[in-house]
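User: I have a structure to go through with you. Can we take it step by step?
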There are 2 protein chains.
Amino acid sequence: MVSILLMVKIMKNEVRKFQEFVRRNKLLWSNEREIIAEQVFENHFHFTADELFIQLDQKGKNISRATVYRTLDLLERGKLVGKIQLQSGKHIYEHIFGHQHHDHLICQECGKIIEFHNDKMEKIQKKISRKENFEMQGHCLKIYGICSKCQKK
Amino acid sequence: MVSILLMVKIMKNEVRKFQEFVRRNKLLWSNEREIIAEQVFENHFHFTADELFIQLDQKGKNISRATVYRTLDLLERGKLVGKIQLQSGKHIYEHIFGHQHHDHLICQECGKIIEFHNDKMEKIQKKISRKENFEMQGHCLKIYGICSKCQKK
DNA sequence: TTAGGGTTGAGATTTGGTCTCAATCTTATT
DNA sequence: AATAAGATTGAGACCAAATCTCAACCCTAA
Ligand SMILES: [Zn+2]
Ligand SMILES: [Zn+2]
Ligand SMILES: [Zn+2]
Ligand SMILES: [Zn+2]
């Protein structure tokens, strides 16, 4: 009688993408990178590096802040997550992979973030860059103001 | 024989505007505020708080960092200077008074900043805000890429 | 199994900026 | 001009976010 144990690691598509990116860049795939990526792709909106660190900590994963920061950098370089700077100077992260590019409306009162995408604006930006002989790589548009809920208060 | 000495302080228009703002807000007009404002309006492009502090220091003005930061905040509140956040997290300042609103192209290679203004884009932003019932107060658009000079390298 | 080299954790360090508070200055009022 | 109330300042302590250090450890290819 023969028993075959087949270990197949179920890996989220996004995590696998990250793994591919890491390998493609001749870096090593570590446990920590996998755990962090998993958590990142469980967060379905914006989060800070420290929030992510605390989430992991609460799950009993002992991963240092440094590694969280380092891995978020890697994820950003791989274009799997985006990094956005708030006016306060703090950074927040969000998925990119599988999501359409978008910009943000940010409420100055409660911090609420509304996402939007506008093709016409994207095109204008490309046009402006061309006119200046500027090789556009990316952009960052944030509209600051007061959200509808906070206006009522 | 009578001799009249008339002391008239020559003050740049921009500095006077700041003085008016300070007085309007029931704050006091100090020597430090005047010296800082003068230096600010001598800078005809973007500068950091620390650069400003060093400029003043090199001129022999003994003004503390704290006061420089505090005064820049005030100038910003008075809408006399604008504060822009770079991707690195650093802030740069620039005149606003007497200048048209504009956005920035920022070279990732050499740091060069090109200013531009596009009315159509401003309008689209207002439209987007209206649609979301968002009371727009301001916005920040930065286009990142490589300037023509750096492309040639 | 091993060697070479990438990765990690703990904590120190850096950075850009803010806060504290006693001394000082500004301004309005006598 | 003197005074009093309150705003401003400077020096340095402090802060949070992020980065760096380096020895111990882990991954991978051979
Ligand atoms: Zn709100
Ligand atoms: Zn978003
Ligand atoms: Zn350049
Ligand atoms: Zn500008």
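User: Which residue of β5(B) does Gly138(A) stand opposite?

Analyst: Note that this is a predicted model. Gly138(A) has its place across from a residue of strand β5(B). That residue is Tyr144(B).

User: How many bridges join β5 of chain A to β5(B), and how do the strands run?

Analyst: Strand β5 of chain A covers residues 135–146. Its partner is β5(B), and the two run antiparallel. The number of bridges joining them is eleven.

User: How much area do chain B and chain A bury between them?

Analyst: The contact draws on 37 residues from chain B and 37 residues from chain A. Of the buried area, 64% is on carbon and sulfur atoms. The total for chain B and chain A is about 3000 Å².

User: Which residues in chain B lose the most area to chain A?

Analyst: Three residues stand out here. Together they make up 18% of what the chain B side buries. They are Gln85(B), Ile128(B) and Phe134(B).

User: Which element supplies the largest share of the side of chain B that touches chain A?

Analyst: Five elements of chain B each give at least two residues to that side: β3 (103–107), β4 (113–116), α5 (119–131), β5 (135–146) and α6 (148–152). The largest share is twelve residues. By class, that side of chain B has 17 nonpolar, 16 polar and four charged residues. The element with the largest share is β5(B).

User: How many residue pairs are in polar contact across the interface of chain B and chain A?

Analyst: Salt bridges do not feature between chain B and chain A, where the count is zero. Polar contacts do, with both residues at pLDDT 80 or more. The number of pairs is 14.

User: Which three residues supply 49% of the area that domain 1 of chain A buries against domain 2 of chain A?

Analyst: The two domains of chain A bury about 770 Å² between them, 56% of it on carbon and sulfur atoms. On the domain 1 side, three residues supply more than any other three. These are Phe45(A), Gln87(A) and His99(A).

User: Why does the salt bridge of Lys59(A) and Glu42(A) tie together parts that are apart in sequence, and how many residues apart are they?

Analyst: The side chains of Lys59(A) and Glu42(A) meet at 3.2 Å, N to O. Lys59(A) lies in the loop between α3 (49–58) and α4 (65–77) of chain A, and Glu42(A) in the loop between α2 (31–40) and α3 of chain A, so the pair links parts separated in sequence. The separation is 17 residues.

User: In which loop of chain B is the place of Lys26(B)?

Analyst: Most residues other than glycine have a negative phi. Lys26(B) is not a glycine, yet its phi is positive, about 60 degrees. Its place is in the loop between α1 (13–24) and α2 (31–40) of chain B.

User: And in which loop of chain A is the place of Asn133(A)?

Analyst: Asn133(A) is not a glycine either, and has a positive phi of about 60 degrees. Its place is in the loop between α5 (119–131) and β5 of chain A.

Terms used:
Residues numbered from 1 in each chain as written. Chains lettered and ligands numbered in written order. Predicted model: local features only at pLDDT ≥ 70, side-chain atom pairs only at ≥ 80, totals over all residues. Heavy atoms only, no water. Contact = heavy atoms within 4.5 Å. Buried area = accessible area lost by both parts, 1.4 Å probe. Salt bridge = Lys/Arg side-chain N within 4 Å of Asp/Glu carboxyl O. Polar contact = N/O pair within 3.5 Å; in protein donor to acceptor, adjacent residues only side chain to side chain. Helix = DSSP H or I, 4+ residues; strand = E, 2+ residues; numbered from the N terminus. Nonpolar A, V, L, I, M, F, W, Y, C, P; charged D, E, K, R; others polar. Pairing = 2+ DSSP bridges.
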